[in-house]
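User: I would like to learn how to read a protein model, one feature at a time. Please give the general idea first and then the case at hand.

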Amino acid sequence: MLLIIILGILAAIVGVACGMQLQKRHFQQEIQNAKATAEKLLNNANEDAKKQSAKIIADGKQQTIDYQDSIEEELDSYQADNVTRQTRIQQRETGLKQTESRLDQLHSKLADESHEINQQKAEIEQLHHTANDLSQERLKTLQERGSISLAEAKQQILDELKTALKREKDIELKYQDDEAQVNAPKMAKILADDAIQRGPVDMPREHIEHSVQINDNNTKQKLIGREASNIRYIESLTGTDLVFDPDDPHLLHVVTQDPLRREVAKTVITNLAVTKQINPQSIEHQVESAQLDLMNELRRTGEKVVGSLHIGWMHPDLLKIVGRLKYRTSYGQNVLNHSIEVADISGMLAAELGLNVKIAKRAGLLHDIGKAIDREVDGTHVELGVKIAETYGEDPQVINSIASHHGDVEVTTPIAHLVAAGDSISGGRPGARSESVEEYVNRLKNLERIASSKQGVKESYAIQAGREIRIVVDPKKLDDQQNQQLANEVKDEIENELTYPGKIEVTSIRDFKAVAYVGAEKKKVHKRLKKA
């Protein structure tokens with residue numbers, strides 16, 4: 001058994017040794033094959049390298065030849081350029097030499113001419129000196145022979161020139177004045193027609209209601225209160241008188257001359273009738289609320305009007321005064337609407353004449369501003385309007401327009417004429433105001449009647465729509481002192497008897513003329529003697 005194992009091991013060793021020998025031969029064979037392949041590849045690579053080297057060398061030689069040819073061509077071109085430039089340089093040197101020669105000739109010629117000019121200047125200066133001497137001698141001779149000095153002669157010439165210029169100025173001014181006087185009425189009519197067509201807008205006349213309708217008997221009883229306590233409390237807070245119409249027991253009249261108080265009272269009564277909560281506390285609340293709403297409405301109205309007219313910034317307090325005009329009427333015409341119309345017309349006329357449109361509109365809007373407070377403060381609406389405008393720092397042109405639009409003061413600015421024209425157009429157009437023709441005529445007749453009833457009055461005339469009464473007295477019956485007394489008497493009687501709007505001016509005129517004739521009576525006596 002052991003022998004078999006040993007034999008097996010020996011056989012295995014022999015097998016391994018044989019296998020290793022066979023593998024070694026196999027590896028040697030592969031190595032020989034690889035060497036042969038490597039030699040073959042190396043030979044092929046050498047051949048390829050030789051071919052490529054030969055090709056590269058050939059290409060390099062060709063490129064060298066091409067580059068050499070291009071360099072030679074470039075050198076030839078440079079050489080040709082150098083020849084051309086050399087030729088140009090020679091030509092320029094030749095031209096410079098010719099120019100230098102001409103400049104030398106010109107310099108010589110200029111030197112000769114400069115010498116001649118200097119000689120001529122010297123001769124001219126000598127002639128100037130001679131002329132000045134002759135002029136002085138001539139002036140001296142003229143002064144000696146004319147017995148007048150040079151200053152006096154100059155003054156005489158200036159005086160004659162001033163006289164001639166003044167004559168021409170007077171002639172031109174007279175021509176322009178005559179032309180303006182001829183054309184002014186026509187242009188005024190054209191501008192007035194255009195302003196009337198473009199400015200005033202026909203609006204329904206606003207009637208201010210003085211009463212409130214209360215249809216509910218229960219509400220009426222609450223409003224009156226026990227022993228009329230509620231209605232009397234409303235009267236005390238609003239400053240009005242509340243009276244029920246005897247013919248219509250449900251119609252409550254608000255009696256007052258103040259339109260703002262009337263508006264507050266109407267608002268309070270209307271609100272109380274709606275809420276039906278009528279007691280002292282609610283009355284006080286409604287009065288305060290109505291007064292606050294009215295003040296806000298005045299400010300809003302003023303802001304709206306000023307903004308629509310585009311007249312610039314205006315003081316907030318003055319805006320409220322403008323808003324008060326909404327509740328003021330004059331002969332049935334709403335004063336605020338009238339003021340807006342006057343502002344529009346004045347602005348249109350100012351634009352046509354090249355004047356300040358903003359100032360014209362501002363003056364037109366504020367011309368009747370005094371009517372907003374004339375029921376509360378003593379004075380005419382013109383005087384109050386001037387004070388208001390001065391208080392709030394308005395333009396002097398605006399102040400003069402307010403003061404002069406009824407002829408109370410002298411006009412000092414063209415804007416005032418436009419405002420007066422706009423006031424006449426807005427107030428005088430048909431339908432603008434509700435005063436009848438009969439009332440207007442009667443008012444004028446009454447003014448003339450009072451004046452004519454006085455002793456010594458020859459004639460009397462009511463002018464400016466009854467704002468002025470002019471009285472012509474007999475100078476033989478009244479002297480100056482009596483004439484003054486007559487004016488005061490007529491003023492007092494008008495104030496006591498008539499109802500008049502605004503201010504009336506009483507003017508009494510006493511004109512005494514003494515006439516005498518020279519020679520007329522003697523000639524008549526001689527003629528009578530000859531006839532006899």
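Analyst: Start with exposure: a residue is buried under 20% relative accessible area, exposed over 50% and partly exposed in between, using a 1.4 Å probe and protein chains only. His310 is exposed, because its relative accessibility is 62%. This is a predicted model, in which local features need pLDDT of at least 70 and side-chain atom pairs count only at pLDDT 80 or more, while totals for chains, interfaces and linings use all residues. Residues are numbered from 1 along each chain as its sequence is written, and side-chain values use heavy atoms, with hydrogens and water left out.

User: Where is His310 found, and what is its phi?

Analyst: Most residues other than glycine have a negative phi. His310 has a positive phi, near 60 degrees. It is found in the loop between α6 and α7 (316-324). Helices here are DSSP runs of H or I with at least four residues, strands are runs of E with at least two, and both are numbered from the N terminus. Ala228 is not a glycine either, and its phi is positive at about 60 degrees. Ala228 sits in the loop between α3 (217-224) and α4. Ala228 is buried, because its relative accessible area is 18%.

User: Which salt bridge links distant parts of the chain?

Analyst: Take Arg362 and Glu394, whose closest N and O atoms are 2.6 Å apart. Arg362 is in helix α9 (residues 357-366) and Glu394 is in the loop between α10 (381-391) and α11 (396-404), so the pair links distant parts of the chain, 32 residues apart. Arg362 is buried, with 10% relative accessibility, and Glu394 is buried at 9%.

User: What does the pair of Asp480 and Arg510 tie together?

Analyst: Their salt bridge has its closest N and O atoms 3.0 Å apart. Asp480 lies in helix α14 (residues 480-497) and Arg510 in the loop between β8 (505-509) and α15 (520-531), so the bridge ties together parts 30 residues apart in sequence. Asp480 is exposed at 54%, while Arg510 is partly exposed at 27%. Elsewhere, salt bridges with shared partners join Glu297, Arg300 and Lys326 into one network.

User: How are two helices compared, and at what angle do α5 and α6 cross?

Analyst: Axes are lines fitted to C-alpha atoms, for helices over the stretch in contact, and angles between N-to-C directions run from 0 to 180 degrees. The axes of α5 (residues 259-275) and α6 (residues 280-309) come within 9 Å and cross at roughly 130 degrees. That makes α5 oblique to α6, because angles under 35 degrees count as roughly parallel, over 145 as roughly antiparallel, 65 to 115 as roughly perpendicular and the rest as oblique.

Terms used. A salt bridge is a side-chain nitrogen of Lys or Arg within 4 Å of a carboxyl oxygen of Asp or Glu.
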